[in-house]
Amino acid sequence: MYKLLLCGRYLRTRYLAFVCIVSVMLGVATLIVVNAVMSGFSTKLKDRLHGVLSDVVVDTDNLAGFADPPDVLMAKIKAGPAGPKIAAVTPTVEVFAIMQFRAGHPGGPLITKPVRLIGIDPAGRAAVGGFSEYLVRQKDAPAPSFDLTADALARYEANKRGREREDATLAVPEAPPAQAIRLPDAPPPPDAAAMTAGMPVAKLYGAFPGYALAHLRYTNEAGKLVEETALYPGDAVTVTTVGGETLRPVSGTFLVADYLKTEMSEYDQSFVYVPLEQLQAIRGMSGRCSALQIKLKDYEADKASVTAELQKLFPYRDVRVNTWEDQQGPLLQAIDVERGILNILLFLIVGVAGFSILAIFTMIVSEKYRDIGVMKALGASSGGVMSIFLGYGLLLGAVGCGLGTALGLWITEHINDIEAALTKLTGRAVFPRDVYYFKDIPTNIDPAVVGLVNAGAVAVAVVFSLLPAWRAARLHPVRALRFE
Amino acid sequence: MLRAENLRKAYRRHAVTVPVLNGLNLDVRAGEFLSVVGASGSGKSTLLHLLGTLDAPDGGAVYLDGRRIDNLPPRGRDALRNKTFGYVFQFYHLLPELNTLDNVLMPAYIAHSAVGWWRSRAGWRSRAGELLERVGLGHRLAHRPRELSGGELQRAAVARALLTNPRVLLADEPTGNLDADTGAEIVRLLREINRQDGVTIVMVTHNLEIVAATDRVVRMAGGLVAEDHPKPAPHFQLMAV
């Protein structure tokens, strides 16, 4: 009983102990905040990666794509052993390209960007991943489409008229023919209307460029981050890529129908989704695809077996079967490694708290020499005296952890408000949005990590109080009673 | 009742050995109020520590009711100090973090686990309250040691020593830090405890005036009992103190 009593009294009366509590509290709070932010980044990144990449991807290095048409490939997959585990499959064509467009209006500067051109069936693509949740206009649409809205069409028409006016202004007036020589047996001039009658009207194809491709961000003279729309819905973009059969340049024009905003700069700056059939037509690979995006019914349970089955189904050198995690493996591993290193480094703060406990406890034991002697004279055992100081360390660690956890959770909860206040105070962005493309600092509190941090900090507090506690226990009562 | 047989004890500091007790023999009878006097360094406090199992002798033995107690395992010696012996020190040694009541209750806190204390706390509190009333501190239960006078501190220490109904009270110069009147008051209190409760008291002192109140006086010199005087007269004088 005396151990509990004295632990509690020492905690209340030894103000020096608050130094230990504050040290443990700061260490625990820092670890919780950093882990929550790192985990938030990691989770959000994984969500985004997984959203844009389907569960499993079967793709080929062949420029012309798979030899078989997509319907045959999909039927083959669904009929295979992995079939029952698959929820949806959609074909895509993926190729690198150069995209050109006039920024802002038809007379604007010509912008050229390297992009990753992806031909998709939008409804099918939405079925295999969280694709539509990243579309700006058609957000969360179950079956998004490349169709243009009336406003987009109106802008397209206006742009067309503007270009025509510009061409007319720039055109050199032709001199009237000096004297037309008309041969008596020459055929009559062609009738354009009669020639085009019955021919199909040119179809307009939509595109979903990445948000960062369509919006230019820069810092103005005042040092403020400015975002300007370079591509409005209805604006035309021209993409140039290589043909499917031979390495020859091919190009096509698309009209912006929507934007893709994943908040992942890598994707938002390079992805351009276009209709699958149009990209096939441009590249001369009609009826063929270069990749199959697959969604599983239960990803975690079936990823290994489905990947193995698909590898058996496509045993070709130029065909790869990967999960989305395999594709982004190095990035995900880098995040985990970074998190681990950061945890080790930050745990040193708790180590420092441990040393402050060691120093302060050594002082307290020296100060309590006579009291220890009295307690032993009254019948306290050496083990009991040791327990007082170990219990004291445990109590300091527990109180420090409790306060640190509360502080850490509060900071995590209000991290964006704190960031805004710090940015206002220092005049410098603590979390630049143009770097991360996240609206807010993402956080994710994992109760297991909070528990682990607390357990670690309490263990450090107890371990560092071991030496002073052992010294107190070894103290000879007679020497202690004579101590002045 | 309490017997020291051929007790030897030396303190070593660096390479120097200082002998303190050199084969001392002493028999303390049950219910006796024994005072031990002697010059500084004669080994009085060491004898008290050895009798109360606070220290272990280099040679010889200590017996309680015929049972050897100096070689008991640590747990047995801790239990003896908690229940059989009560200690009163010259500098009171109350714990500064606790109030008077909690200081007096400390032997009971030590004796019990948290659960055991919870079950028996009412009885212990009542006993501590009675003892504090008896030593005249019934109105000072909630006061911290720093708020008490020297005499009050020593009376609280006596109450603490009596809490577990010990058979032997070992007092190491209990009046050494008090003025004459307060010292006399403490000795009167010890005498009353000895007579009313039958507690055997071994008191080490330098003050010859107070030994008259005791049943027997032992003078120590050279680590041995030099004189042993039963029933000292009121104006008793030792030969060589």
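Trainee: How many residues of chain B are in contact with how many residues of chain A?
Mentor: The model is predicted. The contacts join two sides, one on each chain. Chain A gives 26 residues and chain B gives 27 residues.

Trainee: What area is buried between chain B and chain A, and which residues of chain B lose the most area?
Mentor: The buried area is about 2,300 Å², and carbon and sulfur atoms give 66% of that. On the side of chain B, three residues lose the most area to chain A, together 26% of what that side buries. They are His93(B), Glu97(B) and Ile110(B).

Trainee: Which residues form the salt bridge across the interface of chain B and chain A?
Mentor: The rule finds one salt bridge across this interface.

Trainee: Which element gives the largest share of the side of chain B that touches chain A?
Mentor: Between the two chains there are five residue pairs in polar contact, both residues at pLDDT 80 or more. The elements of chain B that give two or more residues to this side are α1 (44-51), α2 (74-83), α3 (100-111) and α4 (114-134). The largest share, five residues, comes from α3(B).

Trainee: What is the make-up by class of the side of chain B that touches chain A?
Mentor: Residues on this side fall into nonpolar, polar and charged classes. The counts are 14 nonpolar, seven polar and six charged residues.

Trainee: What percentage of the residues of chain A count as buried?
Mentor: Chain A has 18 helices and eleven strands. Of its contacts with a separation of 6 or more, 78% are between residues 24 or more positions apart. Of the 484 residues of chain A, the buried part is 46%.

Trainee: Is Cys20(A) buried or exposed?
Mentor: Buried means under 20% relative accessible area. Cys289(A) has a value of 0% and is buried. Cys20(A) has a relative accessible area of 0%, so Cys20(A) is buried.

Trainee: How many disulfides are there over all chains?
Mentor: The rule asks for a pair of cysteine sulfur atoms within 2.5 Å. Over all chains, the count is zero.

Trainee: Where does Asn165(B) lie, and is Asn165(B) buried or exposed?
Mentor: Asn165(B) has a positive phi of about 55° although it is not a glycine. Asn165(B) lies in the loop between α5 (150-162) and β7 (168-172) of chain B. Its relative accessibility is 53%, so Asn165(B) counts as exposed.

How values were computed:
Residues numbered from 1 in each chain as written. Chains lettered and ligands numbered in written order. Predicted model: local features only at pLDDT ≥ 70, side-chain atom pairs only at ≥ 80, totals over all residues. Heavy atoms only, no water. Buried < 20%, exposed > 50% of the residue type's maximum accessible area, 1.4 Å probe, protein only. Contact = heavy atoms within 4.5 Å. Buried area = accessible area lost by both parts, 1.4 Å probe. Salt bridge = Lys/Arg side-chain N within 4 Å of Asp/Glu carboxyl O. Polar contact = N/O pair within 3.5 Å; in protein donor to acceptor, adjacent residues only side chain to side chain. Helix = DSSP H or I, 4+ residues; strand = E, 2+ residues; numbered from the N terminus. Nonpolar A, V, L, I, M, F, W, Y, C, P; charged D, E, K, R; others polar.
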